[in-house]
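Take a look at the model below.

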Amino acid sequence: MFKKVIFLLSLLIITACSSSKPTIRTSKSSAPITRNVKKPVQKQTSNSTVKNENENAQEVLEATSKVKVTPEMVIKYIEDFKETAKNNMRQFGVPASITLAQGILESGVGTGTLSQKANNHFGIKCHKEWTGPSVLFDDDSEKECFRKYKDPAESYRDHSLFLTSRSRYDSLFELPQGDYKAWAKGLKNAGYATDPKYPDKLISLIERYNLHQYDVEVVGKSAIQTKSTSETITTKEEYVVVKGDTLYSLSKKFNISVDELKKKNNIKSDSLSVGQKISVK
């Protein structure tokens, strides 16, 4: 009986061992590998990026030498000289918008060769009355004499004096101070510049950078005409004769024949008088 009991217990132990689950050893190398895959980051164009792209835009200004400038350079130039231009407008009557636009264009916002060498922002030559310092610079001819200033503000003041002291520009001061379009065209008609697009360049700068606001600050809104007198100038187009002008040179300058000039102005001879006003349109 005792042997039978032992035999039954042995069977129970064997059965229990055979029914247990086998143990599986997992090595480190068989462990699953998890990879963190980075999703590609999509580039976004923010307002600041667009702004930076606009800030890097450049334009070429025809100064004493061709220069490339950015809008930020122009804005800084305006900030530096707007008060000087306004003060000169109060004292001499030249619109601040015109002075600033000429300074921007002719000095290349102060980066042009002549403005760097001589603080001359308007390309004013020595002329016979100049007794101050000067520099030689190649312009229409080699080694021409240009005025040199200690400070650009002196150049701004001399620009106003230059316009007010020469009879050829007298017609400008009959124009409203608030009419920058008339002044821009009047400068060209008086022979200030030979570039036929000179008025358009000044007007473009004035309107792009809102330089007209400084005229308003000086003379007030009431002095700003709603209808530009430049419309009258466009139809009349008077030119003041200066020394050296001939009917032939003016015909080439304004793209009109000598006969047309004589007919329009009832000119009988071939001679012109300094200060004579003639219609060129």
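The model is predicted: local features need pLDDT of at least 70, side-chain atom pairs count only at pLDDT 80 or more, and totals for chains, interfaces and linings use all residues. Residues are numbered from 1 along each chain as its sequence is written, and side-chain values use heavy atoms, with hydrogens and water left out.

**Salt bridges**
- The structure holds 11 salt bridges (a side-chain nitrogen of Lys or Arg within 4 Å of a carboxyl oxygen of Asp or Glu).
- One of them joins E217 to K86, with the closest N and O atoms 2.5 Å apart.
- E217 lies in helix 9 and K86 in helix 3, so this pair ties together parts that are 131 residues apart in sequence.
- K86 is buried at 7% relative accessible area (buried means under 20%, exposed over 50%, partly exposed in between, with a 1.4 Å probe and protein chains only).
- E217 is partly exposed, at 43% relative accessibility.

- D215 sits in helix 9 (residues 212-219).

**Aromatic rings**
- There are nine aromatic pairs (rings of Phe, Tyr and Trp, its six-membered ring, with centres within 6.5 Å; planes under 30 degrees apart are stacked, over 60 edge-to-face, the rest tilted).
- F122 and Y156 pair edge-to-face, 4.9 Å centre to centre with 80° between the planes.
- Both F122 and Y156 are buried.

Conventions. Helix = DSSP H or I, 4+ residues; strand = E, 2+ residues; numbered from the N terminus.
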